[in-house]
Amino acid sequence: MASAAHVVTLTIDGRDVSANADDTVLEVARENGIFIPRLCNIDGLTPVGACRLCLIEIKGSPKLVPACVAKVTEGMEVTTKSERLDRYRRVILEMLFAERNHICSVCVSNGHCELQALALDIGMTHVRVPYRYLRVGIDASHDRFIVDHNRCVLCTRCVRVCDEIEGAHTWDLLGRGTNSRVITDLHQPWGESDTCTSCGKCVNVCPTGALSIKGHSVAEMSKRKQFLPYLTLMRTEK
Amino acid sequence: MTTKAKVATVWLDGCSGCHMSFLDMDERLVGLADKIELVYSPLVDNKVFPDDVDVTLVEGAVSSEDDLAKIRKVRAHTKVLVSLGDCAVTGNVPAMRNHFDTIDVTNRAYFENAALQQQLPCEVVPKLLDRVRPVHEVVKVDVHIPGCPPPADVIHFAVAEMLEGRLPDLTGKTRFGM
């Protein structure tokens, strides 16, 4: 905790709020009960601004900015809800659904999935872009866990938790654009990974059913994310 | 005598679970019966789709040549077309075959998994399309109700709204999956 916190004031959706100067807009909005959708962002890991769902408008700038990496400044005027933002967020969500094969009705994470919940929250009732039916595959070589690339949204939470918290850096990204995949070690089967400690942190931070524990059937895979902010706090407070 | 709204339901490539959910409206169906006339449905006897239907609820994805012909006819004779459930809205489980060639899918069903009389169907069974598609990729859809199946409460809400001449806002009411 900063000893002499530099406090700034700003407005979010017309509401006056105060914050520490090193806070992000997303953190301040959440502290004040203002909902901004997010998918790659999770409390306790470095924000990367990958999913773009938390886009916001800042007065004076024509650009949309991801709230998870936007630092607050004095006098900043932030808008989190507008027709334009709704439109962008909905298109982003639709493209996420269309890119891989998210079939909620047969998914282990049905009912516990952040992607599914976001569609419900923002009222996305159908996908207007054509589905791609990309063939991506499943790796079930690990003793306890499965990675199903059909359900991966490339949020990189698994990559970050493995690197920043577990310190193993088993996960990484391969390829560009729609050819991107999360991989273990040097693109080896997960079960043959020399670095994986089988701690399961990646599984628990995964927002969808892409990472799951073996033996779970449809709708049975609920994740436990509570450990993460606690671990981060305990390490930084020392 | 007030005229009743003409309502139809259609069953394409789906499991009929959405129709079961429709029936799950239970006693509310009695109330609806005063306001609607079910002019065509797997639940009634009429074999020909009528010319002027007010609301049609479609269950299932567009998967075969028969589905395609049916949905085009339905669209042409319906004022408000509703995709009911995940198969109609997303392709859902039927679309999982899109990862394979149609010939491999039919061989799997009629040769590899058939114990007796291994042969491709040559009559009655409609020819599969190359790809299973959600209804709105084929014809214009006015209302989408996701869910596998959509809850009876949501179907009731949507039908009631449409009877009042409104397109239902389903934000926060029903999600993909169960």
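Helices here are DSSP runs of H or I with at least four residues, numbered from the N terminus. I keep that at hand while reading this predicted model.

I started at α3 of chain A, which covers residues 114-122. Its buried residues turned out to be A:Glu114, A:Leu115, A:Gln116, A:Leu118 and A:Ala119. I then looked for what covers them, and α2 (83-99) of chain A is included in that cover. Just past the end of α3(A), I found A:Gly123 with a positive phi of about 75°.

**Entry two: the domains.** Next I checked how chain A is divided, and found domain 1 (7-81) and domain 2 (103-237). Over C-alpha atoms, the centres of these two domains of chain A are 25 Å apart. Where they meet, 11 residues of domain 1 of chain A are in contact with 19 residues of domain 2 of chain A. I sorted the domain 1 side of that meeting by residue type: eight are nonpolar, two polar and one charged.

I went on to the largest nonpolar core, which has 62 residues. The members touching the most others are A:Val25, A:Ala67, A:Cys158 and A:Cys202. This core lies between domain 1 (7-81) and domain 2 (103-237) of chain A, because both give residues to it. Another core, of 33 residues, lies apart from it, and I noted B:Val55, B:Val58, B:Val159 and B:Met162 among its members.

**Entry four: one residue up close.** What does A:Ala67 contact, leaving aside its neighbours within four places in sequence? I listed A:Thr24, A:Val25, A:Leu26, A:Ala29, A:Ile36, A:Cys54 and A:Ile56.

Note on methods
Residues numbered from 1 in each chain as written. Chains lettered and ligands numbered in written order. Predicted model: local features only at pLDDT ≥ 70, side-chain atom pairs only at ≥ 80, totals over all residues. Buried ≥ 20, exposed ≤ 12 C-beta atoms within 10 Å, placed from the backbone. Helix = DSSP H or I, 4+ residues; strand = E, 2+ residues; numbered from the N terminus. Contact = placed C-beta atoms within 7 Å. Core = buried A, V, L, I, M, F, W, Y, C linked by C-beta atoms within 7 Å. Domains from an automatic or database assignment. Nonpolar A, V, L, I, M, F, W, Y, C, P; charged D, E, K, R; others polar.
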